[in-house]
Amino acid sequence: CVPYKLLSNILKGFPNAPIELVFDKKTLKLLSDTGTYTIPLVGPETFPVSKESEIRDSIQIESTQLIDAIKKALLFTEKTNITNYHNVLISISPDGTKIASTDGNVIFEYSMTAAVGLSENLTISRNIASYLIQILSSGEECELSYSNSHLFLTMQGKEINAILSSSGFPPYSKVFEMQKP
């Protein structure tokens, strides 16, 4: 495992030029025309363990569809975090899964067929949603599961653990019901 903050700070100093990454057993070497940096690797046991990992339910979902839904939802979130309109809603039900967001003016909803037995609304922040679309790979099946406080995505050897947002969220179901003729 590589300490993100250290790696990020080092990479900020590099110009826009190719970088070669060389992994040894205990280090990561960054090689470029401007110099060589060595970062010590740390074991996964040094990272914090999730406070709650009791999974309540899970669904199988195609990653390309999930990435597309989240990208579109991010277009309709408030970017300043002044209101609760900066979050993305993942609404899971027996009828399917919906990704929803709003900027206060436009309501966005993307429906998918992935379904689960219980209905659940999961709220993730704009920042978490942005990270997910960068990390996920297109064209793969992934498992989306959740606990009371975390969202878990598992696919092709990757496991992503994200904290759910505890902030309030606009009552989408009421808004959608009002708009139906």
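Is isoleucine 19 buried, partly exposed or exposed? Before I answer, please note that the structure we are discussing is a predicted model. Isoleucine 19 is partly exposed, and its relative accessible area is 32%. Isoleucine 19 belongs to the loop that runs between α1, residues 4-12, and β1, residues 20-23. It also takes part in a nonpolar surface patch, together with Leu11, Leu21 and Phe23. The accessible area of these four residues together is about 360 Å².

The protein chain has 181 residues, and 35% of them count as buried. Its secondary structure consists of four helices and 11 strands. The accessible surface of the chain amounts to about 11100 Å², and carbon and sulfur atoms account for 53% of that surface. As for contacts, consider those between residues at least 6 apart in sequence: 58% of them join residues at least 24 apart.

Strand β1 runs antiparallel to β2, residues 27-32, and four bridges join the two. Together β1 and β2 make a hairpin, with three residues between them. Which residue in β2 is the bridge partner of valine 22? The partner is lysine 29.

Strand β2 is also joined to β3, residues 35-40, by six bridges, and this pairing too is antiparallel.

The next topic is the open sheet. Four strands make up this sheet, in the order β7-β6-β5-β8, with antiparallel pairing. Why is one side of β7 and of β8 left without a neighbour in the sheet? Strands β7, residues 107-112, and β8, residues 120-125, stand at the edges and have a single partner strand each, so one side of each remains without a neighbour. From one strand to the next, the twist averages 20°.

Within this sheet, β5, residues 87-93, and β6, residues 96-102, run antiparallel and are joined by five bridges. Isoleucine 90 stands opposite isoleucine 99, which lies in β6. Two helices pack on the sheet, and I shall take them in turn. Helix α2, residues 63-75, touches β5, β6 and β7, and its direction makes about 175° with that of β7. Helix α3, residues 126-135, touches β5 and β8, and the angle between its direction and that of β8 is about 85°.

I turn to charged side chains. In general, side chains of opposite charge can pair when their charged atoms come close. How many salt bridges does the structure hold? It holds two.

I finish with phenylalanine 152, a residue of strand β10, which spans residues 150-155. Is phenylalanine 152 buried or exposed? Phenylalanine 152 is buried, because its relative accessible area is 6% and the limit for a buried residue is under 20%. Serine 58 is 94 residues away from phenylalanine 152 along the chain, and the C-alpha atoms of the two are separated by 8.9 Å.

Notes:
Residues are numbered from 1 along each chain as its sequence is written. This is a predicted model: local features need pLDDT of at least 70, side-chain atom pairs count only at pLDDT 80 or more; totals for chains, interfaces and linings use all residues. Side-chain values use heavy atoms; hydrogens and water are left out. Two strands pair if DSSP finds at least two bridges between them. Axes are lines fitted to C-alpha atoms, for helices over the stretch in contact, and angles run from 0 to 180 degrees between N-to-C directions. Contact means heavy atoms within 4.5 Å. Patches are made of residues with over 30% relative accessible area and no salt bridge: like charges are joined within 9 Å, nonpolar side chains (Val, Leu, Ile, Met, Phe, Trp, Tyr) within 5 Å. Accessible areas come from the Shrake-Rupley method with a 1.4 Å probe; for residues, only the protein chains shown count as cover. A salt bridge is a side-chain nitrogen of Lys or Arg within 4 Å of a carboxyl oxygen of Asp or Glu. Buried means under 20% relative accessible area, exposed over 50%, partly exposed in between (1.4 Å probe, protein chains only).
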